[in-house]
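Reader: Hello! Could you walk me through this structure, one question at a time?

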Amino acid sequence: MTSDQPIPFSPEPPRSLDALMHERDQAQASAKRWRRLYEVEAQQRQKESEVAEQTIQSLRAEVQRLCQFSGGAPMLMPSPGESKGKSSTHLRNQIADLMAERDQLLQALEQEKQSHEKTKQNLISALGDALGAQKQKRSLALPASRAGARAGAIILKDRDGRKSKPD
């Protein structure tokens, strides 16, 4: 350009390719961090779910074992010196306690599932927001890989779909 020609106005200051690549790298690192957090959270929820499921299975086995002795009525053979009525009442109380504990564990498992789903939605939304902000910042940046662009589009679509759904 010559000195007497006007410089065209640009709403954004020109950025170097290095700065754009640095922003891209930061966004990818942020996405990787969020993905890692989500995976850790998912692993924790899975472990808690497995523990709860094992507890439920052991309680079911205990109830079945107790029910085997009387065709449906939970009774065991009385211990020597223990009356049959006392044993039956004690076992019924124990079964009621086990069933109450089972119900509490089922409720806790359901709450964990809901909490996991909420965490998943929050992390997807945050990742979508980060990708959306990065996408808006990039005007001259190099295109991302096809897989990355596709994943970003899916996350943004998922996030936008959640925003438009009435709760």
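Author: Gladly, and let us start with contacts, meaning heavy atoms within 4.5 Å. Among contacts in the chain with a separation of 6 or more, those between residues 24 or more positions apart make up 70%. A word on the basis: this is a predicted model, where local features need pLDDT of at least 70, side-chain atom pairs count only at pLDDT 80 or more, and totals for chains, interfaces and linings use all residues. Residues are numbered from 1 along each chain as its sequence is written, and side-chain values use heavy atoms, with hydrogens and water left out.

Reader: Which helix has the highest mean pLDDT?

Author: pLDDT is the predictor's confidence in each residue, from 0 to 100, and its mean over the chain is 78. Helices here are DSSP runs (H or I, at least four residues), numbered from the N terminus. The lowest mean among the elements, 72, belongs to helix H3 (residues 146–164), while the highest, 90, belongs to helix H1 (residues 17–68).

Reader: What percentage of the residues count as buried?

Author: Buried means under 20% relative accessible area, with a 1.4 Å probe and protein chains only. Of the chain's 167 residues, the buried part is 17%.

Reader: The charged end of which residue sits over the ring of Trp 34?

Author: The test asks for NZ of Lys or CZ of Arg within 6 Å of the ring centre and within 35 degrees of the ring normal. At 5.3 Å from the centre of the Trp 34 ring, the residue is Arg 33.

Note on methods:
Helices (H or I, at least four residues) and strands (E, at least two) are DSSP runs, numbered from the N terminus. Buried means under 20% relative accessible area, exposed over 50%, partly exposed in between (1.4 Å probe, protein chains only).
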